[in-house]
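Let's take a friendly walk through a protein model together. Have a look at the picture first, and then read on.

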Amino acid sequence: MTIEFMLLADTRCGIAEGPVWDDRRKLLFFVDILAPAVHAVRLDGSDLRSWKMPSRTGSIGLGESGRLIVALERALAVLDPDTG
């Protein structure tokens with residue numbers, strides 16, 4: 001069996017971590033720990049979005065409401081991807 005990999009978006013992350021799939025929006029969310037941000041991209045590589053965070057970002061979780069809970073270095077934050 002052969003597994004093929006492809007680059008979805010050239011974000012040049014310091015450390016990209018924590019992929020979370022949002023089935024409703026059809027977006028893959030992930031964080032950049034060192035250049036603190038939450039990113040989202042479609043699986044065809046389109047619709048790349050980014051939200052800068054105020055401190056290192058360790059992980060994210062998708063809530064039932066569609067908002068993300070973001071684990072920052074010393075705090076938790078809520079991000080609404082629809083409004084920023």
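A residue is called buried when its relative accessible area is under 20%, exposed when it is over 50%, and partly exposed in between, using a 1.4 Å probe and protein chains only. Asp23, with a relative accessible area of 47%, is therefore partly exposed.

The model is predicted, so local features need a pLDDT of at least 70 and side-chain atom pairs count only at pLDDT 80 or more, while totals for chains, interfaces and linings use all residues. Residues are numbered from 1 along each chain as its sequence is written, and side-chain values use heavy atoms, with hydrogens and water left out.

**The sheet**

Helices (H or I, at least four residues) and strands (E, at least two) are DSSP runs numbered from the N terminus, and two strands pair if DSSP finds at least two bridges between them. In what order do the four strands of the open sheet stand? The order is S1-S2-S3-S4, with antiparallel pairing. Strand S1 (16–22) and strand S4 (49–52) are at the edges; each has a single partner strand, so one side of each has no neighbour in the sheet. Strands of a sheet pair through backbone hydrogen bonds, either parallel or antiparallel.

Inside this sheet, strand S2 (residues 27–32) and strand S3 (residues 37–41) run antiparallel and are joined by five bridges. Phe29 stands opposite Ala40 in S3.

**The core**

A nonpolar core is a set of buried Ala, Val, Leu, Ile, Met, Phe, Trp, Tyr and Cys residues joined through side-chain atoms within 4.5 Å. The largest one has 13 residues, and those that touch the most other members are Phe29, Val38, Trp51, Met53, Ile60, Val70 and Leu79. Two or more residues of this core come from each of S2, S3 and strand S6 (68–72).

Which residues does Trp51 contact, leaving aside its neighbours within four places in sequence? Counting heavy atoms within 4.5 Å as a contact, its partners include Phe29, Val38, Ala40 and Leu79. Gly58, found in strand S5 (residues 57–62), is in contact with Val31, Ile33 and Ala71 when the neighbours within four places are left aside. Gly58 is partly exposed, at 39% relative accessibility.

**Salt bridges**

A salt bridge is a side-chain nitrogen of Lys or Arg within 4 Å of a carboxyl oxygen of Asp or Glu. How many salt bridges does a search of the whole structure find? The search finds six, and the table shows some of them.

| Pair | Closest N and O atoms |
|---|---|
| Asp82 and Arg25 | 3.1 Å |
| Arg42 and Asp47 | 3.4 Å |

Take the pair of Asp82 and Arg25. These partners are 57 residues apart and link distant parts of the chain: Asp82 is in the segment after strand S7 (76–79), and Arg25 is in the loop between S1 and S2. Is Arg25 buried or exposed? Arg25 is buried, with a relative accessible area of 15%, whereas Asp82 is exposed at 56%. Asp22 joins Arg25 and Asp82 in a network of salt bridges.

Asp47 lies in the loop between S3 and S4, and its phi is near 60°, a positive value in a residue other than glycine. Arg12, in the segment before S1, also is not a glycine and has a positive phi of about 55°. Arg12 is exposed, with a relative accessible area of 69%, while Asp47 is partly exposed at 32%.
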